[in-house]
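Here's a quick briefing to read with the model open.

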Amino acid sequence: MKHYAEKKHSLKQSSIRVGDSVLLRQNKINKLTPPYDPKPFKVISVKGSTITAEGDGRTITRNSSFFKVFNFAEEEEEMDQLDIHNGKHSTTQEGQSGYNLRSSRKLTSRLIEEI
């Protein structure tokens with residue numbers, strides 16, 4: 001019976017773990033308000049779907065649906081480290097606004113493979 005209900009409602013386990021950096025969902029005040037608070041929180045406790053996070057001098061306990069995993073800077077650093085260790089150099093120039101570094105890496109690797 002429980003399995004049927006979970007399947008019907010498309011329920012799944014949260015991927016948020018202790019130590020993760022997360023963003024907290026915030027109320028919309030006007031159309032310029034971002035959906036998530038831009039200051040990251042650090043998860044200190046996970047019990048079922050209840051998550052307790054700490055950051056900016058406060059501790060918050062909410063359901064996992066109010067949080068979003070935030071690891072963009074770490075991901076970018078890891079990609080750069082992998083490229084340096086593998087001998088790949090990206091052809092991007094610093095200072096270009098709106099330029100997607102990941103897509104240029106994929107494009108560069110595809111071009112190298114074709115040659």
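Val46 sits opposite Ile51 of strand E3, with strands (E, at least two residues) taken as DSSP runs numbered from the N terminus. Keep in mind that this is a predicted model, where local features need pLDDT of at least 70, side-chain atom pairs count only at pLDDT 80 or more, and totals for chains, interfaces and linings use all residues. Residues are numbered from 1 along each chain as its sequence is written, and side-chain values use heavy atoms, leaving out hydrogens and water.

**Strand pairing**
- E2 and E3 run antiparallel, joined by 5 bridges; two strands pair if DSSP finds at least two bridges between them.
- Gly48 has a positive phi near 70 degrees in the E2–E3 hairpin, which has 2 residues between the strands.
- E1 and E2 are antiparallel too, with 2 bridges, and Val22 has Phe41 in E2 as its bridge partner.

**Core**
- The largest nonpolar core has 9 residues, among them Ile16, Val22, Phe41, Ile51 and Phe67; such a core is a set of buried (under 20% relative accessible area, 1.4 Å probe, protein chains only) Ala, Val, Leu, Ile, Met, Phe, Trp, Tyr and Cys residues joined through side-chain atoms within 4.5 Å.
- E1 (21–24), E2 (41–47) and E3 (50–55) each supply at least two residues of this core.
- Leaving aside residues up to four places away in sequence, Ile51 touches (heavy atoms within 4.5 Å) residues including Ile16, Val43, Ile60 and Phe67.

**Asp56**
- Asp56 isn't a glycine, yet its phi is positive, about 55 degrees.
- Asp56 lies in the loop between E3 and E4 (58–63).

Notes
Buried means under 20% relative accessible area, exposed over 50%, partly exposed in between (1.4 Å probe, protein chains only). Helices (H or I, at least four residues) and strands (E, at least two) are DSSP runs, numbered from the N terminus.
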